[in-house]
Amino acid sequence: YAPTPNPQPMKRRLGTVFLAALLVLSGCTASLGQGGPSVDPGESTWTGDGDNPYRQETLVVAVTKPGNESRAFTPLVQAALDHWAANSEAYAGYPIDYRLASNATDPDVQVRFVESVGDCGTEDHAAGCAPVITKPGQFDPPVDVRVRTGFSDASTVQVLKHELGHTLGLDHGDEPED
């Protein structure tokens, strides 16, 4: 006589594996695995705003565009950065400044203009993608922001503002909703 094995431990293990896979596929990792602070989140020397997940007051931003694109994206990125430099404290809860250095080799934020954004978590995004950054240590630099080419200048700036808002911890539905 051989006892019948209890299927419960196996079901629990499979359930745990399934839940982990579901979290990865659901886009939860879009806000966990990309970009980040240049300072160790455990470092006790940060005396700035505690809400600032970057643990630095100025973020260096680089811009990359497709090799076949002749359009000047840098002024559009600068317009979106100026918007958040003026409004981050009101909406994200902490002030942030940006230094645009298009060819920076070690930026904090990398804005990439791409022909197709592809997926962002579990959704296909037509316009852009960026992680929602809410806490120190959540990511390693640089934060990756992707924006699709082919929009007007005004629309491109709007997409940039939206995606950069995510990098400041704002999610869909947060103010300013536009």
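## Overall layout

The chain has three helices and seven strands. The model is predicted. Read from the N terminus, the elements follow the order α-β-α-β-β-β-β-β-β-α. The chain holds 178 residues, and 36% of them count as buried.

## Aromatic pairs

The count of aromatic pairs comes to three. In one of them, the ring centres of F73 and F113 lie 3.9 Å apart and the ring planes meet at 15 degrees, so this pair is stacked. The cut-off for stacking is under 30 degrees between planes. F73 sits in the loop between strand 1 (58-64) and helix 2 (74-91), while F113 belongs to strand 3 (residues 109-114), so the pair ties together parts 40 residues apart in sequence. F73 is buried, at 2% relative accessible area. F113 is buried too, at 3%.

Another pair is formed by W84 and Y91. Their ring centres are 6.4 Å apart and their planes stand at 85 degrees, so the pair is edge-to-face. Here the cut-off is over 60 degrees. Are W84 and Y91 buried or partly exposed? W84 is buried, with a relative accessible area of 3%. Y91 is partly exposed, with a value of 34%.

## Salt bridge from R71 to D153

Side chains of opposite charge can pair when their charged atoms come close. In this model the count of salt bridges comes to three. One of them joins R71 and D153, with the closest N and O atoms 2.7 Å apart. R71 lies in the loop between strand 1 and helix 2, and D153 lies in helix 3, so the bridge ties together parts 82 residues apart in sequence.

The two partners can be described by their accessibility. R71 is buried, with a relative accessible area of 18%. The cut-off for buried is under 20%. D153 counts as partly exposed, at 44% relative accessibility.

Which residues pair with D144 in salt bridges? One partner is R112, with an N to O distance of 2.7 Å. This pair links distant parts of the chain: D144 is in strand 7 (residues 143-148) and R112 is in strand 3, 32 residues apart. The other partner named here is R146, where the closest N and O atoms are 3.6 Å apart. Through shared partners, R112, D144 and R146 are joined into one network of salt bridges.

D144 is buried, with a relative accessible area of 16%. R146 counts as buried, at 13% relative accessibility. R112 counts as partly exposed, at 30%.

D171, D174, E175 and E177 form a negative surface patch. Where in the chain does D174 lie? D174 is in the segment after helix 3 (153-167). At 33% relative accessibility, D174 counts as partly exposed.

D174 can also be placed relative to A92. These residues are 82 apart along the chain, and their C-alpha atoms are separated by 9.3 Å.

## Backbone details

Two cis peptide bonds can be pointed out. The bond from P141 to P142 is cis, with omega near 0 degrees. P142 is placed in the loop between strand 6 (128-129) and strand 7. A cis bond also joins E175 and P176, with omega about -10 degrees. P176 lies in the segment after helix 3. E175 is also one of the residues of the negative patch.

R55 has a positive phi of about 55 degrees, although R55 is not a glycine. R55 is found in the loop between helix 1 (8-25) and strand 1. R55 is buried, with a relative accessible area of 17%.

Conventions
Residues numbered from 1 in each chain as written. Predicted model: local features only at pLDDT ≥ 70, side-chain atom pairs only at ≥ 80, totals over all residues. Heavy atoms only, no water. Phe/Tyr/Trp six-rings, centres within 6.5 Å; stacked < 30°, edge-to-face > 60°. Helix = DSSP H or I, 4+ residues; strand = E, 2+ residues; numbered from the N terminus. Buried < 20%, exposed > 50% of the residue type's maximum accessible area, 1.4 Å probe, protein only. Patch = residues over 30% accessible without salt bridge, like charges linked within 9 Å, V, L, I, M, F, W, Y side chains within 5 Å. Areas by Shrake-Rupley, 256 points an atom, 1.4 Å probe, with all protein chains shown as cover. Salt bridge = Lys/Arg side-chain N within 4 Å of Asp/Glu carboxyl O. Lys, Arg positive; Asp, Glu negative; His and termini not counted. Charge placed at Lys NZ, Arg CZ, Asp CG, Glu CD.
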